[in-house]
Amino acid sequence: MPGPKSEPVRWGILATGGIAASFTKDLLELEDAQVTAVGSRSPEGAKRFAERFGIPRSYGSWAELAADDELDVIYVATPHAAHRAAAGLCLEAGRAVLCEKAFTLNAREAEELVALARTHDRFLMEAMWTYCDPVVRRMTALVRDGAIGEVRAVHADFGLPGPIDPAHRLRDPAQGGGALLDLGVYPVSFAQLLLGEPSDVQARAELSPEGVDVNTGLLLGWDTGAVALLSCSLTADTPRSAAVTGTAGRIEFPRGFFHPDHFVLHRPGHDPEEFTAPDGLRAYQREAAEVMRCLRANERESPLVPLAGTLAVMRTLDTARSKTGVRYPGEG
């Protein structure tokens with residue numbers, strides 16, 4: 001485990017796609033982080049990535065990266081379908097892991113990763129940057145303290161303009177394609193951050209010719225009577241906003257609710273109040289900083305992104321997919 005903050009946390013990057021590049025770029029700007037190695041299924045791809053970012057070591061396999069004893073933590077940035085295999089390999093090799101969202105293809109795979117982390121006594125966290133955002137944390141504190149009364153409804157959406165090329169990973173069932181796992185995970189995670197796991201999940205979706213969801217709506221319900229109306233799309237550029245409505249007011253997030261710079265609190269008899277919580281960091285940096293804080297504190301999971309919450313979100317996504325008829329290869 002890394003020592004005091006003066007000693008950098010040594011990172012390995014598993015995969016070399018766009019998300020891995022964005023994360024690495026931001027990670028290199030953190031003074032207490034050191035990008036030590038990169039691993040890919042292609043030696044050439046790993047070498048190009050290492051040269052691009054000045055990374056000392058590159059490996060042409062995930063196993064070689066996982067076996068590097070000089071790494072404190074590995075960031076897994078493959079498509080969803082490979083998360084179980086890649087993160088599992090790293091955990092079994094004794095590495096701490098930060099794994100991109102959606103955490104896995106399904107809840108069964110997520111449970112397997114959590115079990116591996118506990119068996120090998122290693123840190124594991126889903127890369128849900130929204131939960132690490134200071135603006136979102138301020139909002140949850142206000143809700144917890146009763147600023148808007150009892151939460152009655154959550155609205156959130158995340159849609160991208162189409163069309164998506166049929167050859168793109170988002171249209172490929174073998175890579176866990178579809179709107180729900182790639183985009184819908186944000187609205188679902190946002191709602192469950194506030195209300196926990198729903199007691200009822202309803203969903204409807206338009207499916208692509210390949211069998212993945214491209215336009216999906218969800219209605220989540222809780223025994224308290226609270227509801228969440230959520231949507232995600234690969235065919236339409238939605239507002240990407242969110243709102244939390246309670247018995248005594250509401251909180252509204254503008255476009256980009258999943259990494260916001262402010263929100264507005266509305267309460268009867270009061271002027272609208274805008275809240276910001278700048279910390280000088282970008283979204284990837286916040287989740288990386290939380291990982292490094294946990295490692296230095298010798299914690300096995302993050303209190304901001306607890307594994308129980310990740311598992312609960314995966315169960316909701318599983319149920320939603322069962323309602324829409326989306327099944328991935330190997331799921332039976």
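Helices (H or I, at least four residues) and strands (E, at least two) are DSSP runs, numbered from the N terminus. The model is predicted, so that local features need pLDDT of at least 70 and side-chain atom pairs count only at pLDDT 80 or more, while totals for chains, interfaces and linings use all residues. Residues are numbered from 1 along each chain as its sequence is written, and side-chain values use heavy atoms, with hydrogens and water left out.

**Exercise 1.** Describe how helix α4 is buried, and what follows the helix.

*Solution.* Take buried to mean under 20% relative accessible area, exposed over 50%, and partly exposed in between (1.4 Å probe, protein chains only). In α4, which spans residues 83–92, the buried residues are then His 83, Ala 86, Ala 87, Gly 88, Cys 90 and Leu 91. Next, look for their cover, where contact means heavy atoms within 4.5 Å: it includes the strands β1 (9–14), β4 (73–76), β5 (96–99) and β6 (124–126), together with the helices α3 (62–66) and α5 (107–119).

**Exercise 2.** Decide whether the radius of gyration of the protein agrees or disagrees with that of a compact globule.

*Solution.* The radius is taken over C-alpha atoms, and the globule rule is 2.2 Å times the number of residues to the power 0.38. For 332 residues the rule gives a value near 20 Å, and because the protein has 20 Å, the two agree. The C-alpha atoms fill a box of roughly 60 × 50 × 35 Å along the principal axes, and 55% of the 332 residues count as buried. Among contacts between residues at least 6 apart in sequence, 67% join residues at least 24 apart.
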